[in-house]
Amino acid sequence: MTYILELKNLTKYFPVMGGVFRREVGRVYAVNDVTLSVKKGETLGIVGESGCGKSTLGRALIRLYEPSSGQVIFDGEDFTALSQKELKERRKRIQMIFQDPYASLNPRMSIEKILSEPFELHDVGTKEERQVWVRELLETVGLPAEAAQRYPHEFSGGQRQRVGIARALALRPDLIICDEAVSALDVSIQSQVLNLLVQLQKERGLTYLFISHDLSVVKYISDRVAVMYLGKVVETADAAALYDQPTHPYTQALLQSLPVPDPRKRKEFVPLQGDVPSPRNPPSGCFFHPRCPKAMDRCKDEEPLLQIISAEKDHQVACHLVDGATHGTAEAQS
């Protein structure tokens, strides 16, 4: 099986400074010991509540935030061990689409300048070639070639995000990190952008890491899904398996909160109680146990590890409730 990206025990914490001498008095663990794999050509969705570490994970694996520990293996190479010069060269193969189409484009630069910048930074092509490539990129994402002479404020949010997608495509990457790429757009525009991403993936063989809090969007575009809570991955599975048979209580609660698109049907569910704990002072044992309706005494003291419950569906869960099923599966496989 070919993995284009592997995260091994990836951790990113931010130090908390205090006192007269501004010494480290604590740490905020935004990403905590995450291990994941992404197959070439697939879309891995990352979901969870706000503040669970999704965006930090995306930025840490591309080293916009330097990881505190762990490894990022991209196409067989340890990304975390690269020098800055080597990193600049490899980044041509990993690009990012940011959440806010208004903040991610420089308002003082024309669209042509924005889309030419990746080529200039990596010294790719002549000025004339770059002008041709910019127009081809615009047409690829459904914008007219003459839009190159306009400025970001002259476009709608959806059009700006198309420019952001064009910029991510400029250097022909293998992996694109979509960080809440459609969350700032109207629902009708979201579908257009999602369809564009799917089309580009088919045409160019792209791999996506799709970060979103919107479970409906993730279901539509993802091949596999990883659920994060307080910096940790608590469940991963094929998209169909996870949505049909969610196993972790947190995943179940997230899916139960999805609205039913039929006003004649009423959906009853028990909302999660309490707030997400502080990543600076997480609970002992299972991080989810203070909010879990199925928590046992064991959950308060012992942290569950990701365990395979279905190799066929690539289904892994970090929950003490599935230990019996896990052991049974392991015995059957042996």
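Two strands pair if DSSP finds at least two bridges between them. I needed that rule first, since much of this notebook is about strands.

**Setting up**

I am working with a predicted model, where local features need pLDDT of at least 70, side-chain atom pairs count only at pLDDT 80 or more, and totals for chains, interfaces and linings use all residues. Residues are numbered from 1 along each chain as its sequence is written, and side-chain values use heavy atoms, with hydrogens and water left out. My helices (H or I, at least four residues) and strands (E, at least two) are DSSP runs, numbered from the N terminus.

**Entry 1: the hairpin**

I looked up strand 9 and strand 10 and found six bridges joining them, with the two strands running antiparallel. As an example, A226 has T236 in strand 10 as its bridge partner. The two strands form a hairpin with two residues between them. In that turn, L230 has a positive phi of about 55°.

Next I checked burial (buried means under 20% relative accessible area, exposed over 50%, partly exposed in between, with a 1.4 Å probe and protein chains only). Six of the six residues of strand 9 are buried. On one side I found R224, A226 and M228, and on the other V225, V227 and Y229.

In what order do the eight strands of the open sheet run? I read it as 6-7-8-3-9-10-12-11, with mixed pairing. Strand 6 (94-97) and strand 11 (307-310) are the edge strands, each pairing on one side only. On average, neighbouring strands of this sheet are turned by 20° against each other, direction ignored. For angles like this, axes are lines fitted to C-alpha atoms (for helices over the stretch in contact), and angles run from 0 to 180 degrees between N-to-C directions.

I then followed strand 3 (residues 43-47) to its partners. With strand 9 it pairs in the parallel sense over four bridges, and L44 has R224 as its bridge partner there. With strand 8, strand 3 also pairs in the parallel sense, over four bridges. Here T43 stands opposite Y208.

**Entry 2: strand 8**

Is strand 8 (residues 207-211) enclosed or open? Five of its five residues are buried, so strand 8 is largely enclosed by the rest of the structure. T207, L209 and I211 lie on one side, and Y208 and F210 on the other.

Strand 7 (residues 175-179) runs parallel to strand 8, and five bridges join them. I noted that I176 has Y208 as its bridge partner. Helix 6 lies across strand 3, strand 6 and strand 8, at about 155° to strand 8.

**Entry 3: helix 9**

I counted seven of the eight residues of helix 9 (residues 249-256) as buried, so this helix is largely enclosed by the rest of the structure. Among them are P249, Y250 and L254. For packing I used contact, which means heavy atoms within 4.5 Å. The buried residues of helix 9 pack against helix 7 (215-221), strand 9 (224-229), strand 10 (232-238) and helix 8 (239-244).

**Entry 4: helix 3 meets helix 4**

Two packed helices are described by the angle between their axes and the distance between the axes. Helix 3 (residues 111-121) and helix 4 (residues 127-140) pack at about 115°, with axes 9 Å apart. From helix 3, residues including I111, L115 and F119 meet residues of helix 4 that include W133, V134 and L137. I also saw that helix 4 and helix 5 (157-169) are included in what covers the buried residues of helix 3. Just after helix 3, D123 takes a positive phi of about 55°.

Strand 1 (residues 3-18) and strand 4 (residues 69-74) pair over five bridges, and T11 has S69 as its bridge partner.
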